[in-house]
Amino acid sequence: RKLCFVFADDFLLRVYRLPLFRDATWRAALLPALDAAGVHASQLVRCLLASMPPRTVIPTHHDSGWWVARTHRVHCAVVTDPASIAFRVGRTASTLRRFHLGEGAVVELNNQAKHYVANLSETLYRTHLIFDYADASFPELVPPAMPVAEVRVGESLEQTRRSIALTSQKGTGPLAPHFLIIGAQKAGTTSMFEYLHSHPLVARGVRRETHFLDWRWPLSEEFRNARRARAAAAGEVAQHHPKTKKNKSDHHENGQQHVASSYNNNMAAFDVADDAATLNARLAGAWHATYFDTDLHARHPDLRAGDSTPSYLLASHLAIPRLKRIKGPAGVPLVVMLRDPVARARSHHAMIVDPDCAPAKRRARGDAWLGRSFREVAHAELRDLVAAGLLVPRVSTSSSGGVPPSPSFRDPYDLDESRLPGVLAALPNSHGSHSLLLRGLYALQLRPWLRAFDATRFVFVKCEDMTSPGGARREVARVQAHLGLREHPLLNTDAHNTRPQKPQADDDFEADLRAFYHPFNLALYDLLGWSRDRHWTYPPPPSEVVQS
């Protein structure tokens, strides 16, 4: 049995003071106990009167959560009988010691340690005043820095996922997504997404990659045509195949149907012309309602959710103006994963040509590279980028016979960034069988994003820094802080969306690729201010080897 005076969520985002805390009679009883502990009422984050019935046991446990290490737990014995109460505390379950607390005793308990309570009495209700308070070590946890909500009679609180909200706060939170993982593809984006969604205050949406800012943009003619085609195909299937009872294993298909159904409901609004503000609000609402749990976010406005669509980094010409249109000039926090571009390219090719691929994934990945080697795909794209004028050879491209030689990865190149919009516009927007090389030119892709948004909106993570458990935990903690989340320990550091890499005997070609990427990597390091210890460790190109 409990009477609650003050309460807070596990991450101490807000303190809720309940009506009893403002009652003059109760305050007259509470304040002497607080004074005895040297605690001011404004420091309280939790305070309750707990009555333990006769013949009951609270098993050995320890408290967990962000709040535990940042607050002090105090017990004040109000009604008790030391002879009948077994109160044990210890660092481990095997080292518990019994402590006798008489009525009026005020003690601080390290609730990170193991503790156990048994009320052996037949009639006594053991009653303690229990409170948690923050001190000057964490000034952000006391007013005025700590937000305080005065709960009124008749209001109610709802708790889930270590989040608490007043029912009157329903629907007051910002629309999802609240952050984006924009790329690069095959650079650890899936792992980072999964790691972040292990945080209790990050809620998983319907799908990891929404593609809302590129090929699922509801105002694009390409999307509208695809939607009409899918609707027509669905009508034909419905006519020839009557609806049957679904098996529980149809989870993925049900998820796809949810998205399709949500689009049917949410996109109809775009069939009529609206003023810009109204249309942008509808776009924001459609992104939120189609891919995220609208009811959960409405009831718990402190929850966050993310969209991890790695094609956004490359498709800046589409994603940036659309993101600004929906989320405003400041955008949202952005996470950028980067990986050794040679290893990234190798992994990208392996994913596309993987024969163990479901039909839906095959459509998303494309089939343009099937039956073609890594070397063949890379050389074909190099020729295309040179022909498009994005890569400009520093050496003459003419030969004595007037026929330009085939571009080589060992040749030096300059970038003509003015050609990038044209190159991007020509890329397919519905599958991933493209840009094996281009996706590794990170500085080229990042510059439009850094021009569009303040540098403080970005956090950059090297995939290689997450290969060890300790490294993964450090990087995830850094990203959590960037997203404004209280740190939550990462327990499972297993990598996600990986596949075994077949041994490659083409070492000479990988050396050529390293030579190709070397100057572009240097541009990235300069752009991000990375010191030498952050560089990918490549053997120096032959032109940079000092002869003795």
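Colleague: Which residues in α3 meet which residues in α15?

Modeller: Met192, Tyr195 and Leu196 of α3 meet Ala472, Val476, Val479 and Gln480 of α15, where contact means heavy atoms within 4.5 Å. By class, this contact has 6 nonpolar, 1 polar and no charged residues, with Ala, Val, Leu, Ile, Met, Phe, Trp, Tyr, Cys and Pro counted as nonpolar, Asp, Glu, Lys and Arg as charged, and the others, Gly among them, as polar. This is a predicted model, in which local features need pLDDT of at least 70 and side-chain atom pairs count only at pLDDT 80 or more, while totals for chains, interfaces and linings use all residues. Residues are numbered from 1 along each chain as its sequence is written, and side-chain values use heavy atoms, with hydrogens and water left out.

Colleague: Why is α3 called roughly perpendicular to α15?

Modeller: The axes of α3 (residues 189-196) and α15 (residues 469-482) come within 10 Å and cross at roughly 70°. Axes are lines fitted to C-alpha atoms, for helices over the stretch in contact, and angles run from 0 to 180 degrees between N-to-C directions. Angles under 35 degrees count as roughly parallel, over 145 as roughly antiparallel, 65 to 115 as roughly perpendicular and the rest as oblique, and therefore α3 is roughly perpendicular to α15. The crossing of these two helices is right-handed; that word applies if the near helix is turned clockwise from the far one by less than a right angle, and left-handed if anticlockwise.

Colleague: What makes α12 roughly parallel to α16?

Modeller: Helix α12 (residues 374-387) and helix α16 (residues 507-528) pack at an angle of about 30°, with their axes 11 Å apart, so α12 counts as roughly parallel to α16. The contact joins Phe374, Arg375, Ala378, His379 and Leu382 of α12 to Phe509, Leu513 and Phe516 of α16, and by class it has 6 nonpolar, 1 polar and 1 charged residues. Here α12 passes α16 in a left-handed crossing. The helices (H or I, at least four residues) and strands (E, at least two) are DSSP runs, numbered from the N terminus.

Colleague: What is the volume of the largest cavity, and which residues line it?

Modeller: The largest cavity has a volume of about 60 Å³, and the count comes to 1 cavity of 30 Å³ or more. On a 1 Å grid over the protein atoms alone, a cavity is a set of points where a 1.4 Å probe fits but cannot get out, a pocket is an open set with protein on both sides within 12 Å along at least five of seven lines, and lining residues have an atom within 4 Å of a point. Grid points are joined across faces, edges and corners, and a volume is the space filled by probe spheres set on the points. The largest cavity is lined by Thr80, Pro82, Ile85, Phe87, Phe99, His100, Leu101, Arg126 and His128, and β6 (85-90) and β10 are the elements giving two or more residues to that lining.

Colleague: Which element gives the largest share of the lining of the second largest pocket?

Modeller: Strand β3 gives the largest share, 6 residues. About 520 Å³ of space lies in this second largest pocket, and of its 25 lining residues the closest to the centre are Lys2, Ala50, Ile58, Arg73 and Ile130.
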